[in-house]
Amino acid sequence: MLSETLDPPNQKRGDFKQAMNFGEFTASGEPQQPITAALSPHIPAIAAFSAQCAALSRRIMRLFAQALKIAPDAGGKEYFTACHTSANGPSGSIMRLLYYPAAPPDFDPASDIRAGAHSDYGSLTLLFQHRNETGLEILSPNGGWNPVPVVPEAICVNIGDLLSYWTGGLLRSTIHRVVVPKDQNGDLDKAERYSMVYFCHPVDTTPLVVIPSEMVRARGGRGANDTERKVLTAAEHLKSRLAATYGWKN
Ligand SMILES: O=C(O)CCC(=O)C(=O)O
Ligand SMILES: [Fe+2]
């Protein structure tokens, strides 16, 4: 609780949430981090779910590569596949289980928030929400916050910063946040919220360079077309983003 601050300039206190993060599992489904005893029996299910999320993310990115008309000799629809395959090296991909407790009595919606405004850092994000557990909002181009409805049985897919960067902003990483929603009377809804999020990241050594798509090149703009900037790897980019949200000094 209160230990991650997703929107440091606008938050007095950290996010009102608890999170359990699972890094990548080995090919045989073993965790590579200490796991509390209570969760140990669930590891096979979490590892299998995480692998399914990775496969689905690759499928979606295959469709993006197709839509971006990446030339066949540059990888075509498989352009993103190799750099999102764990056999090719470790990545920052995370399966995150989130619990947002009922808002405590001193919760002040003017300055407190369940998850501060942010965009996701990776390639794309798969978000699993519970029916009736609303609160996710996206920032619209006119500056207003719009609630995201929970569609039963559907997965909410967010473009992450890397897809946005690779495509020079053609695909946008949406700024979003999680608030304590209001009930019909306009009072804070005291219900808890649970969600699961799979953050798909490329293999650590992936260079963040322009993708070979005429559509992206023609668009110009910042990001992937900015040839002045030093080429970061996926790992360097992730480290700098995590340092900002957790207040790390180096
Ligand atoms: O819990 C949610 O609905 C979203 C959480 C989120 O945006 C995040 O952890 O990056
Ligand atoms: Fe997010």
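How do the residues of the lining of the largest cavity divide into nonpolar, polar and charged? They split into five nonpolar, two polar and one charged, where Ala, Val, Leu, Ile, Met, Phe, Trp, Tyr, Cys and Pro count as nonpolar, Asp, Glu, Lys and Arg as charged, and the others, Gly among them, as polar.

Some ground rules before you click on. This is a predicted model, in which local features need pLDDT of at least 70, side-chain atom pairs count only at pLDDT 80 or more, and totals for chains, interfaces and linings use all residues. Residues are numbered from 1 along each chain as its sequence is written, chains are lettered from A and ligands numbered from 1 in the order in which they are written, and side-chain values use heavy atoms, with hydrogens and water left out.

**Stop one: the cavity.** Select Gly92, Leu162, His201, Pro202, Asp204, Ala234, Ala235 and Leu238, which line the largest cavity. On a 1 Å grid over the protein atoms alone, a cavity is a set of points where a 1.4 Å probe fits but cannot get out, while a pocket is an open set with protein on both sides within 12 Å along at least five of seven lines; lining residues have an atom within 4 Å of a point. The space here is about 30 Å³, a volume being what is filled by probe spheres set on the points, which are joined across faces, edges and corners. Now colour α4 (residues 234-246): this helix gives the most to the lining, with three residues. Helices (H or I, at least four residues) and strands (E, at least two) are DSSP runs, numbered from the N terminus.

Move to the largest pocket, at about 430 Å³. Of its 28 lining residues, Glu4, Arg96, His118, Asp120 and Phe199 are the closest to the centre. The lining comprises 14 nonpolar, nine polar and five charged residues.

**Stop three: ligand 1.** What takes up the space of the largest pocket? Ligand 1 does, and a molecule sits in a pocket if more than half of its atoms lie within 2 Å of the grid points. Show the side chains of Asp120, His176 and Arg193. Each has a polar atom by a ligand oxygen: 3.2 Å away for Asp120, 3.0 Å for His176 and 2.3 Å for Arg193. The polar contact cut-off is a pair of N or O atoms within 3.5 Å.

How values were computed:
A polar contact is a pair of N or O atoms within 3.5 Å; within protein, one must be able to donate a hydrogen and the other to accept it, and residues adjacent in sequence count only if both atoms are side-chain atoms.
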